[in-house]
Amino acid sequence: MAELVGLVQRLEVAVGRLEAMSSSEGGGGPAAGSGAVGVYVEAFDNLISGPVAQYAALSQKIGGDVQKHAQMMKQAFSFQRQLLVTASSSQKPSDPVLTSLLAPVSKVIQEVQAFREKNRSSPLFNHLSAVSESVPALGWVAMAPKPGPFVKEMQDAAMFYTNRVLKDFKEKDKTHVEWVHAYLSIWNELQAYIKQHHTTGLSWSKTGPVASASGAAPKGGAPAPPPPGPPPPPMVDKVPGGDSGPVTHNALFASINKGADITKGLKHVSDKEKTHKNPALKAQGGPLPSGPKPFTARPTASASPARTLPPVMELDGKKWKVENQEGAHGLVISDTELKQVVYAFKCNNSTLNVKGKINSITLDNCKKLGLVFDDVVGIIEVINCKDVKVQVMGKVPTISINKTDGCHVYLSKDSLSCEIVSAKSSEMNVLVPNKDGEFTEIPVPEQFKTVWDGSKLVTTATEIAG
């Protein structure tokens, strides 16, 4: 079935090429002379018929939410191909027109990310997250002068979740492993494609007509007119009761050119005429006028309050869901089994105690959450959190901290051999128990030094000099 889907994908690309060739020959566009689309459009077709088609076929084989996500991605690549066809035969348009040309791809990117957010309880959530975190790479067309490194950065954002897919399925289902390799190969091939054809940004035609907002170059005729020029400068009002404009300006500049002599015509004010030095004048004049009032922003319509979701703490299959908890101190999960996992999402100012031995625990988008647990046989994951504390009472082999600002990890004597993996995080501290029962706080390095030793890069942690 996967091979059949891949064949259909390649046939669709071939039909697209034939249609483009037909329209170019009949429409008199810049490609009419060659009877084919641009060279870099053909190279992009190879990317679609290769890794993109393989990813779509494997997604269909997996099915469910992954297949739905893949359909969105196919549409995104189709829209990007349309943009490349336009760029290959048209000159770069103005910024407003360019924004409208980029809108279809941008809309699909938002839909892909929204689909992940709506399906957080999906059993294939890691697959959805890998795609959602990296799909902004399709915005490379607007990332001059370094589109290639931008794609690489987006691909790296997906690696955290693809590694989790590999970990979960490498011994269960090889299809998911192949899915990961196919998906990552899309971005590897796209980086190579950009390096060859669009090194410093999307390459536009130098001779064709200016691209229009409809997404296609005008057929024949003159190029679109340039955008209107800037508005004329504002008119300078005449001084009331004065002479004509030129005369008034001449008198003004003549006064300025006097230099220090310009003050000779000013009347001297004695102390008796100064209000702040003569109380009698202050009494006669009444209250002094107040100065200019400080700027106050105009009242605006109050923003609609954020929708508050109800708190959740329930066992859904093998997953304990702890969500939307606010100020809940004393949350306890005690009836646990080894095959179960705990997923805490958007829990703020709360504490959670997990009893017994379970498979894994994940903290996602939590603030000021305290987690205490006994034993975990898999991994503790802290993602997109802020100011959280994690205490191990028994054993845990691995603790992963990703995109988190502020994380304190309290280890037990039995968990001193655990591995702590961190990425894109700050203010991390590990507290190790002493013989007297107290803890020694040790910061996790955040600054690194990388040097070339002649054969490879060597990275070591450094301390900030102060």
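Which side chains meet in a salt bridge at 3.9 Å, N to O? Select Glu 337 and Lys 339: they are the pair. Keep in mind that this is a predicted model.

Now colour Glu 337 by accessibility. Its relative accessibility is 40%, so Glu 337 counts as partly exposed.

Next, select Lys 456 and Asp 453. They form a salt bridge, and the closest N and O atoms are 3.1 Å apart. Is Lys 456 buried, exposed or partly exposed? Lys 456 is partly exposed, because its relative accessibility is 48%. Asp 453 is partly exposed too, with a relative accessible area of 42%.

Leave that pair and look at a network. Select Arg 116, Glu 117, Arg 120, Glu 133, Asp 364 and Lys 403. Salt bridges with shared partners join these residues into one network.

Zoom in on two members, Asp 364 and Arg 120. Their salt bridge brings the closest N and O atoms to 2.9 Å. Where do the two residues sit in the chain? Asp 364 is in strand S6, residues 360-364. Arg 120 is in the loop between helix H4 (95-118) and helix H5 (125-134). The partners are 244 residues apart, so this pair links distant parts of the chain.

Buried means under 20% relative accessible area. Asp 364 has 6%, so it is buried. Arg 120 has 17% relative accessibility and therefore also counts as buried.

Methods:
Residues numbered from 1 in each chain as written. Predicted model: local features only at pLDDT ≥ 70, side-chain atom pairs only at ≥ 80, totals over all residues. Heavy atoms only, no water. Salt bridge = Lys/Arg side-chain N within 4 Å of Asp/Glu carboxyl O. Helix = DSSP H or I, 4+ residues; strand = E, 2+ residues; numbered from the N terminus. Buried < 20%, exposed > 50% of the residue type's maximum accessible area, 1.4 Å probe, protein only.
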